[in-house]
Amino acid sequence: MDNFRVGIEYLSAGANRQTAGADWCDDGIVAFGADSNVALWRPLTPPPKGITSLLSGHENVVKAVRFLPKSEGESTVHLVSGADDQCLKLWALPDDGSDTGAASCIQTVHAHTAAINCIASLHERGLPTPTSRIFTTGAADASVKVWLFDGNQVCLLQTIKTTPKFFPLSIALSALGQDGEALVMAVAGTRDIVQVFVANSRTGPEFHLQATLSGHEGWIRSLDFAWESGAPGSDLILASASQDKYIRLWRFHQGRELPAAIANGADRSMGVFLPGKSPSNKAHRLQAAEHYFSITFEALLLGHDDWIYSAKWYSDPSTGKPQLLSASADNTLAIWEADSSSGIWVTTVRLGEISREKGATTATGSTGGFWTGLWSPNGSSVCCLGRTGSWRVWDYSKEQDQWMPHVGISGHTKAVTGITWSKNGDYLLSTSADQTTRLHASWNKESGQKTWHEMARPQIHGYDLNCIDSLGNSQFVSGADEKLMRVFDEPKAVAKLLSRLCDIGNEHIETMPDAANMPVLGLSNKAIEAVDDDLEVQVANPDTDREALDPGSTVRKSALEIDHPPFEDSLSRHTLWPEIEKLYGHGYEISCLAVSHDGTLIASACKASSINHAVIRLFETDRWTEVKPPLTAHSLTTTRLRFSPDDRYLLSVGRDRQWAIFERDSNDKLSYKLLQSNPRGHSRMILDATWAPLTDSLVFATAGREKQVKIWRQAPTDSPDAGIICTTTIPETHPVTAIDFLHRETTNGTLLLAVGTEIGKISIYSIDATSLNISSTLNLKPE
């Protein structure tokens, strides 16, 4: 297999909905948790390639990610991640441009006894970062741990138990005072207080609780420190964002005297209506070695309508003026600045979904809020994470003096349960337990560069999706945790988009429906006509009209007339495919389905614990009716169905450990009959099966839970072993969950078989087409 070059073409993964689960470093890399992996992405490096690599090692959901500051002359980027598996991992990423494939885990520490929720690195004041770096972690064991990274490994310095007990959800860590020797740490979480700890020295720091800031009325989700200006004696400002919909700013002032405004009796909230508890002007006192500090309430930031998940500072190096980026569950991202004349904090920019067409009650309209917001290293871009696991990016345009949306990334947020290529291989469809079907295709730019992106989201459902297959080039059928299958047809708006961006032609564009929409209380996508851009859409009442369409997901004619992959709001609203048929017959949730290569038949099976329900039902695609009687062979759930390349045979495998081959009736092309079954094909359940691309003989492979792949062949008629026999067994180290043959023989007459295991390992075996023996093996490097 020496003449094959294998590389990553496209990585797609949705981000974990965790406020602390993402960070943007000075080298331009965004790291975020994607289930149990850490994904790396360069948002501003052209062309927009999406995720460059996935760091695997955690055994559970990654909740916190943080880059450590680089010391002078250091070429390696260090990243710390924490997860539900209670482990803290230290990663080293080589700083060699776009290639982040050589990242490695250099240390794993298991010190916490519960999930790690947040990580904070030390916020320095423009000073060169020393080789030894301090960072802190907070976990659901109600503790905060202080760590030291010496350039090679991390070691634990201190453990602090929260009293009164709460789970830390956010930590901020900063130098304190002009000399930067003392350290201050703010901790908050599942109470409405912020605890302030002080350490006298950064060499062997020992933090002690010195102040408790009250005023919030809900859990506090985010904390961040910033200096008020670039001047040496400027004050430190702490921002705290809470579920009470407000952000509070706190001023840390050095000296025994209070800040001038407070000392003169000025009330920062004078004449302003403030909901909830009235802010207290009480000054809290801190002491670090010989220095004294005061903490006073600075400002209450009002403007969000829902929980605020994150608040992040950015200080402009030229002016030193801080800006605050807040992300909220009200689907908006806001940038706050202090007015230069009055000092009052105001919103200067608001991004996200601000129109009345939010569609908060629908699957397609509701984005579910923003979970975290990040500044780029130079402050000219921001990105935020939404409920659907997708990242949105905005770049500031000086010419237009406004923030312009930029191509982000998206992916499934739960297990991917099925993938299929369109019949001509132009695009890839995927279904997931996150209840969406997504269409991925290559964006062919005029410069000749090709990058893969999610181009449409044909199905947004109310049930977890289990399986999918293509019906030609512009239709597909999917099955979910419901008793029926649904058939979808490509709409005109998506077909034109794919034609324009991906060079995917379709001669039937003009006969297609314009677009699709979903009723507020329904599960079926309805074909609709696109409306003119200037037409006013009336809001219908879903209580009186079940078929009421949501104005927030109305498709206007210009919605997809774009020269780039759709942004997240378009994907979730304007790229649905209309449903044209439902296929009934099964008594339980659909477990698998397959479409014949000529597109005339759909075979399907459902979850079953008895012979009565473990049947395979065939549906013809001309009138969409069931071909009776159903095929019987299994006694438990069928896990995979596959038609042979010439559609002469139908292969099924199941949890009852057996495989079965059905042969097409030579007189009735819609009818199949059992040819042979093997009740003990494997010693444990069979999870997948695939046909070899041979037309002159019957050859297929099955994959089992007992860590084996078996290749089967029909014995010659003159052989003493009649029927179908196992010729080759491939042992694996873990249960095999997916297999597939390349759909053609290679130039030297070998078959290529891809094998995937439950730990994510993928191997490609080269198999001699005559003897069916393995000639070579290629293990794909994990990403």
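Reader: Where does asparagine 473 lie?
Author: The model is a predicted one, in which local features need pLDDT of at least 70, side-chain atom pairs count only at pLDDT 80 or more, and totals for chains, interfaces and linings use all residues. Residues are numbered from 1 along each chain as its sequence is written, and side-chain values use heavy atoms, without hydrogens and water. Strands here are DSSP runs of E with at least two residues, numbered from the N terminus. Asparagine 473 lies in the loop between β34 (465–470) and β35 (475–480).

Reader: Is asparagine 473 buried, partly exposed or exposed?
Author: Buried means under 20% relative accessible area and exposed over 50%, with partly exposed in between (1.4 Å probe, protein chains only). The relative accessible area of asparagine 473 is 36%, so this residue is partly exposed.

Reader: Which backbone nitrogen does the side chain of asparagine 473 reach?
Author: Leaving aside residues up to four places away in sequence, asparagine 473 touches Ser422, Lys423, Asn424, Tyr427 and Glu490, where contact means heavy atoms within 4.5 Å. Its C-alpha atom is separated by 5.5 Å from that of lysine 423, 50 residues apart along the chain. At 3.0 Å, the side chain of asparagine 473 reaches the backbone nitrogen of asparagine 424.

Reader: Which are the edge strands of the open sheet of four strands?
Author: The order in this sheet is β34-β35-β36-β39, with antiparallel pairing; two strands pair if DSSP finds at least two bridges between them. Each edge strand pairs on one side only, and these strands are β34 and β39 (579–583).

Reader: What is the bridge partner of methionine 485 in β39?
Author: Strand β36 (residues 485–489) pairs with β39 in the antiparallel sense, over four bridges. The partner of methionine 485 in β39 is leucine 583.

Definitions and conventions. Polar contact = N/O pair within 3.5 Å; in protein donor to acceptor, adjacent residues only side chain to side chain.
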